[in-house]
Amino acid sequence: MNKTNLNDEKTNSIYILLTDTGTLFTRLIKGFTGAPYNHASLVLDEKLEEIYSFGRKHVHNPLNAGFVKEDIYQGTYRHFPETRCKLLRMSVTEQQRTSIIKVICEFDKDKNKYRYNLIGLLGVLLEIDLQPADSYFCSQFVAETLRSCGIHLWNRPSTLVTPNDFLEHKSVQAVYEGPLYQYPKLDRQRLGRVLKPLYSAVLFGKSAV
């Protein structure tokens, strides 16, 4: 249940970005979950310039993962231009938004100590709360950040929250669904610089990855 009280306070928005890159790792997860999206990120702005999650730090190594600031134009996504997404908007109070930013800053300050909670994914499948110290997976990070700022969406541990749970929650509003790089609020100039070399590589028979 969402315990956020928005009646008497100024409200703001945050966003949750659900994505499917189509990588081997995400296809493996989808084989177990059957969900359309298997990665969740916490987003602070509608232009997708402030995106945070737990995921791969290097595009070619999904096992080297932890807290990351994701970059639509220069990060992992540019290697997977066919990525599909759904962007969800959630209303929060001004105080909650400020608290969320502070929590993200704390993660960023100590980012080298955090690890990806790979064993936690097994816990989701078995419905067991598995949380090694300083370890998170993507939807756990989003849910726990919100919970720590007074936004309680579910009566269960954050380690049992999946990206699909956000998709189905009544507190969010879908604002876009489709190819990530067709999202209309992206910077088209920057996007052109990303996509041109990728598609040129395809035209000339070279791998873009």
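This is a predicted model: local features need pLDDT of at least 70, side-chain atom pairs count only at pLDDT 80 or more; totals for chains, interfaces and linings use all residues.
You'll find His 39 in strand S2, which covers residues 39-43.

What does the side chain of His 39 make polar contacts with? One partner is the side chain of Ser 53, at 3.5 Å. Another is the side chain of Glu 70, at 2.8 Å. Leaving aside residues up to four places away in sequence, His 39 also touches Leu 17, Leu 18, Thr 19, Phe 54, Tyr 77, Cys 138 and Pro 163, along with Ser 53 and Glu 70.

## Aromatic pairs

Now for the rings. A pair of aromatic rings is described by how far apart the centres are and by the angle of the planes. The structure holds 14 aromatic pairs. Take Tyr 52 and Phe 67: their rings are stacked, with 6.1 Å centre to centre and 10 degrees between the planes. Tyr 52 sits in strand S3 (residues 51-58) and Phe 67 in strand S4 (residues 61-70), so this pair ties together parts that are 15 residues apart in sequence. Tyr 52 and Phe 67 are both buried.

Phe 107 and Tyr 136 pair up too: with ring centres 5.3 Å apart and planes at 75 degrees, they count as edge-to-face, because the angle is over 60 degrees. This pair links distant parts of the chain, since Phe 107 belongs to helix H2 (residues 94-109) and Tyr 136 to strand S7 (residues 135-136), 29 residues apart. Phe 107 is buried at 9% relative accessibility, and Tyr 136 is buried as well, with a relative accessible area of 14%.

## Positive phi in a loop

Most residues other than glycine have a negative phi. Glu 127 has a positive one, near 60 degrees. Asp 134 likewise has a positive phi near 60 degrees.

Where are these residues found? Glu 127 is in the loop between helix H3 (118-126) and S7, and Asp 134 is in the loop between H3 and S7 as well. As for accessibility, Glu 127 counts as exposed, at 67%, whereas Asp 134 is partly exposed, at 35%.

Technical notes
Residues are numbered from 1 along each chain as its sequence is written. Side-chain values use heavy atoms; hydrogens and water are left out. Rings of Phe, Tyr and Trp (its six-membered ring) pair if their centres lie within 6.5 Å; planes under 30 degrees apart count as stacked, over 60 as edge-to-face and the rest as tilted. Helices (H or I, at least four residues) and strands (E, at least two) are DSSP runs, numbered from the N terminus. Buried means under 20% relative accessible area, exposed over 50%, partly exposed in between (1.4 Å probe, protein chains only). A polar contact is a pair of N or O atoms within 3.5 Å; within protein, one must be able to donate a hydrogen and the other to accept it, and residues adjacent in sequence count only if both atoms are side-chain atoms. Contact means heavy atoms within 4.5 Å.
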